[in-house]
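Subject: Structure for you to look at

Hello,

Here is the structure I promised to pass on. Please open it next to this email and follow along.

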Amino acid sequence: MPLSFTVSTTCGAARAGVLATPHGEVRTPAFMPVGTLGAVKGVAPAQLRALGAEVMLANLYHLTLRPGVELIEELGGLHAFTGWSGPILTDSGGFQVFSLGHLRRLDEEGVTFRSHLDGAALRLGPEEVVDLQRRLGVDVAMVLDECPPWPVDRDAAAASLARTNRWAARSRQQWERRPGPGGLFAIVQGSAFRELRESAARELAALGFDGYAIGGVSVGEPDAERRAAVEWTAPLLPADRPRYLMGVGYPRDIVHAVAQGVDLFDCVLPARNARHGVLFTRAGALKLKGAGFRADSRPVEEGCRCPCCAQVSRAFLHHLLRWEPLTGQMLATLHNLWFYLDFMREVGESIASGTLTELVSRWSLDPGLESQPDSLSAEPPSEPAKVR
């Protein structure tokens, strides 16, 4: 197999292990920074590697629109084109089926998009999606799926799931005919309906994919429904294959999923919130554009070893975010990515030491990370908050 997955340590259902790919190993559980067009905004490949990232996520839909798969293939594949030498996972475009509902049309053979850039038509079917990812040379390719909206009734969710699973079977057959250098992951859908999630997991497990993702979460559903989908699905996925929770999320959701046996995660939050001047700390989120930080000489987080905290104060970052946003956003992104990657290192260590339950308990008490940028307090705490 072009991919191999080895579990080295367990703590209950949680696993720590290694995913071996054509472009290197990924220690799991792992967080994958999102580089939609082949790079995390404002972060060079060498900087991403220096932060400790071992794998990056890119998006097939967006890369197909610009610069185009043909050009990337001509220039040696996605690794050569981007300068990122580590493993790459590409999302298939299934989330765009959900998020660009007004610009797409679904049928049994695939999805027709109207480009959000210029309105040009783009046709993607399950076979085309895996072929395009093969041509990019990625380490992990995802099947085309339909991500239903929230809320959705059971009949609509069941019809959507049936089509997704038919597409998955066709994708698997195409991959067998023309395999890529890496592996192919299936995506379990089913919205918030337990019997749909469980039947989908069993059906896809029988097809023998290289890995499995839990999709259709973080699309507006309440916390309880999101967590239930993970709890229902993860135990039914093959224990010898990596499990990936798509688009999640905040640390307390990540540790919950790790405790259910999930290995891989991605989320846009670190970079997106950084661009709004919102920085994560273990005591809560800070909105650094607020006037209260104008003369704050402390680093963003005491004890943090990221390039931002090692070099600049909250006051200087406040200044940059307001008057030199390009540099400020870059430094803020470095901090937020470090926060997530360091958090994942702590999660892995807790599995090895048998203390994951304690870590889950600590992070289940939300320290304010889940506030949105426009609702966060603009003032710093009067006293340094306790770091967990």
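In which sense, left-handed or right-handed, does H12 pass H13 in their crossing? The crossing is left-handed. Keep in mind that this is a predicted model.

**The helix pair**

Start with helix H12, residues 314–323, and helix H13, residues 325–353. Their axes come within 6 Å. They cross at roughly 130°. That angle is why H12 counts as oblique to H13. In general, two packed helices are described by the angle between their axes and the distance between the axes.

**A hairpin**

Now go to strand S2, residues 14–21, and strand S3, residues 24–28. They pair in the antiparallel sense, over five bridges. A hairpin of two residues joins S2 to S3. To find your place in the pair, look for Val18, which stands opposite Arg27 in S3.

**A three-stranded sheet**

Next comes an open sheet of three strands. The order is S7-S8-S9, and the pairing is antiparallel. Strand S7 (104–107) and strand S9 (121–124) stand at the edges. Each has a single partner strand, so one side of each is left without a neighbour in the sheet. On average, neighbouring strands here are turned by 15° against each other, direction ignored.

Strand S8, residues 110–114, pairs with S9 over four bridges, in the antiparallel sense. Phe113 stands opposite Leu122 in S9.

The largest pocket has a volume of about 1,300 Å³. It is lined by 48 residues. Phe95, Gly247, Cys267, Val268 and Arg272 are the closest to its centre. Helix H11 (269–275) is one of the elements that supply at least two lining residues each. The others are strand S5 (56–59), helix H5 (94–99) and H9. H11 gives the most, with five residues. By class, this lining has 20 nonpolar, 16 polar and 12 charged residues.

The second largest pocket has a volume of about 350 Å³. Here 18 residues form the lining. Closest to the centre are Arg27, Thr28, Pro29, Met344 and Arg345. The lining divides into nine nonpolar, five polar and four charged residues.

**Cavities**

How many cavities of 30 Å³ or more does the structure hold? There are four. The largest cavity has a volume of about 60 Å³. It is lined by 13 residues, and the closest to its centre are Ser191, Ala192, Arg197, Gly216 and Glu221. Helix H9, residues 223–233, provides the largest share of that lining, three residues. The classes are seven nonpolar, two polar and four charged.

The second largest cavity holds about 50 Å³ of space. Among the residues that line it are Leu19, Thr21, Val26, Met32 and Leu264. Its lining has eight nonpolar residues, one polar and one charged.

**Where to begin**

After that, find the hairpin that joins S2 to S3.

Best wishes

How values were computed
Residues are numbered from 1 along each chain as its sequence is written. This is a predicted model: local features need pLDDT of at least 70, side-chain atom pairs count only at pLDDT 80 or more; totals for chains, interfaces and linings use all residues. Side-chain values use heavy atoms; hydrogens and water are left out. Two strands pair if DSSP finds at least two bridges between them. On a 1 Å grid over the protein atoms alone, a cavity is a set of points where a 1.4 Å probe fits but cannot get out, and a pocket is an open set with protein on both sides within 12 Å along at least five of seven lines; lining residues have an atom within 4 Å of a point. Grid points are joined across faces, edges and corners, and a volume is the space filled by probe spheres set on the points. Ala, Val, Leu, Ile, Met, Phe, Trp, Tyr, Cys and Pro count as nonpolar, Asp, Glu, Lys and Arg as charged, and the others, Gly among them, as polar. Axes are lines fitted to C-alpha atoms, for helices over the stretch in contact, and angles run from 0 to 180 degrees between N-to-C directions. Angles under 35 degrees count as roughly parallel, over 145 as roughly antiparallel, 65 to 115 as roughly perpendicular and the rest as oblique. A crossing is left-handed if the near helix is turned anticlockwise from the far one by less than a right angle, and right-handed if clockwise.
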